[in-house]
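This report walks through one protein model with its ligands, taking the sheet, the helices and the ligand surroundings in turn.

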Amino acid sequence: MKRILVTGGAGFIGSHLCARLVNDGHDVICLDNYFTGSKKNVWHLIGRPNFELVRHNVINPYFAEVDEIYNLACPASPVHYQFDPIKTTKTSVMGALNMLGLAKETKARLLQASTSEVYGDPIVHPQTESYWGHVNPIGIRSCYDEGKRCAESLCMDYHRQHGIEIKIIRIFNTYGPGMLPNDGRVVSNFIVQALQGNDLTIYGDGQQTRSFQYVDDLIEGMVRMMASPADFLGPVNLGNPHEFTILELAEKVIRLTGSRSKIAFRELPHDDPRQRQPDITLAREKLDYDPSTQLEEGLKHTIEYFRSLN
Ligand code: NAD
Ligand code: UDP
């Protein structure tokens, strides 16, 4: 049994991770300021003797004796991270600094939740970890992209300078039950719109691509990465390599929900990446990673979850 800190633990991915770690018998501290997360996401864990919920902003230092830290605190939906971009950068950079400081003090292993956004609007396709990316450093997405890039760089420097055991994962678009209806990301938007009989809002022409990973597959990859040998630092891509256009996603959601909704085209936001697909050779090789839930199956579970909210 380990003592594990999960920052951003009341968010979408964090709450799934906390549940997994609690069920595995670990002593889990979930740290969150509830910016985009909610106590409701971890309600079912409250009262479990090995679960503790703490309200805290990672911009400020935090201390607890822990063996492992999963650093997830950061809004992830473009709508949310662009709401207060300075705060987003602070959360990513100062959050990473504070958690790395804690790792140094307690000799804990730290896993940093990085993102496919470090590749920006990629020119190399699919994206391998060796690709340095194509990021606009001054655009509306840069608070998130550059914040996460800086966090990666801090992890590597803490490792080189202080010997901290770090792990970097680059998460590709992840969806599943537990997303907020007003999260703003494409999967939740489309399902909510379809269930309400409203138009599905496609930004641009819908020919941009994403590769969607079901949340359970990601959690398995995260746990495996944390448990991997100390000399494997990553970064490692965690995603499902099946690539779809946003138009294909909209059509699937309409079909699977049996909705009469139509598609409405809206303006494409600035710097919206044109295509994104992970090369997961490294994760397969090092972690035996196998994202086995395919899009239709994962969408069915997610649709069921959104239906149950009404
Ligand atoms: P989310 O917005 O649901 O969760 C983020 C959590 O962090 C929320 O509970 C929020 O309240 C908390 N938080 C934000 N700022 C904080 C602060 N200053 N102090 C403490 N807590 C704070 O998003 P998610 O999809 O669960 O993403 C979790 C992590 O995974 C993020 O770091 C994100 O960048 C990364 N990620 C997610 C995806 C994805 O597709 N979901 C893709 C790439 C990377
Ligand atoms: N998108 C869309 N309609 C929506 C929400 C998003 O067409 O209601 C598009 C968005 O422009 C992007 C893709 O879907 O091209 C994925 O967007 P999301 O915000 O989910 O994540 P991103 O990968 O851009 O961070």
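## Basis of the model

This is a predicted model, in which local features need pLDDT of at least 70 and side-chain atom pairs count only at pLDDT 80 or more, while totals for chains, interfaces and linings use all residues. Residues are numbered from 1 along each chain as its sequence is written, and chains are lettered from A and ligands numbered from 1 in the order in which they are written.

## The sheet

Seen as DSSP runs numbered from the N terminus (helices H or I of at least four residues, strands E of at least two), the model holds an open sheet of 7 strands with parallel pairing in the order S3-S2-S1-S4-S5-S6-S11, where two strands pair if DSSP finds at least two bridges between them. Strands S3 (51-55) and S11 (236-238) each have a single partner and stand at the edges, so one side of each lacks a neighbour in the sheet.

Strand S2 (residues 27-32) runs parallel to S3 and is joined to it by 5 bridges; Leu31 has Val54 in S3 as its bridge partner.

## Helices on the sheet

Helix H3 packs on the sheet, where it touches S1 (3-7), S4 (68-71) and S5, and its direction makes about 175° with that of S4; contact means C-beta atoms, placed from the backbone, within 7 Å, and angles run from 0 to 180 degrees between N-to-C directions of axes fitted to C-alpha atoms, for helices over the stretch in contact.

Helix H4 (residues 142-162) lies across S5 and S6 (166-171), at about 155° to S5. Its buried residues (20 or more other C-beta atoms within 10 Å of their own, all placed from the backbone) include Cys143, Tyr144, Ala151 and Tyr158, and the buried residues of H4 pack against H2 (78-81), H3, S5 and S6. Just after H4, Gly163 takes a positive phi of about 70°.

## The ligand shells

Around ligand 1 there are 28 residues, of which Gly8, Gly11, Ile13, Thr36 and Gly37 are the closest; a residue is near if its C-beta atom, placed from the backbone, lies within 6 Å. H1 gives the most to this shell, with 3 residues.

Ligand 2 has 14 residues around it, with Arg185, Val186, Asn189, Thr201 and Tyr203 coming nearest. Helix H5 (186-196) and strand S8 (200-203) are the elements that give two or more residues to the shell around ligand 2, and S8 gives the most, with 3 residues.

Definitions and conventions: Two residues are in contact if their C-beta atoms, placed from the backbone, lie within 7 Å. A residue is buried if 20 or more other C-beta atoms lie within 10 Å of its own, exposed if 12 or fewer, and partly exposed in between; C-beta atoms are placed from the backbone.
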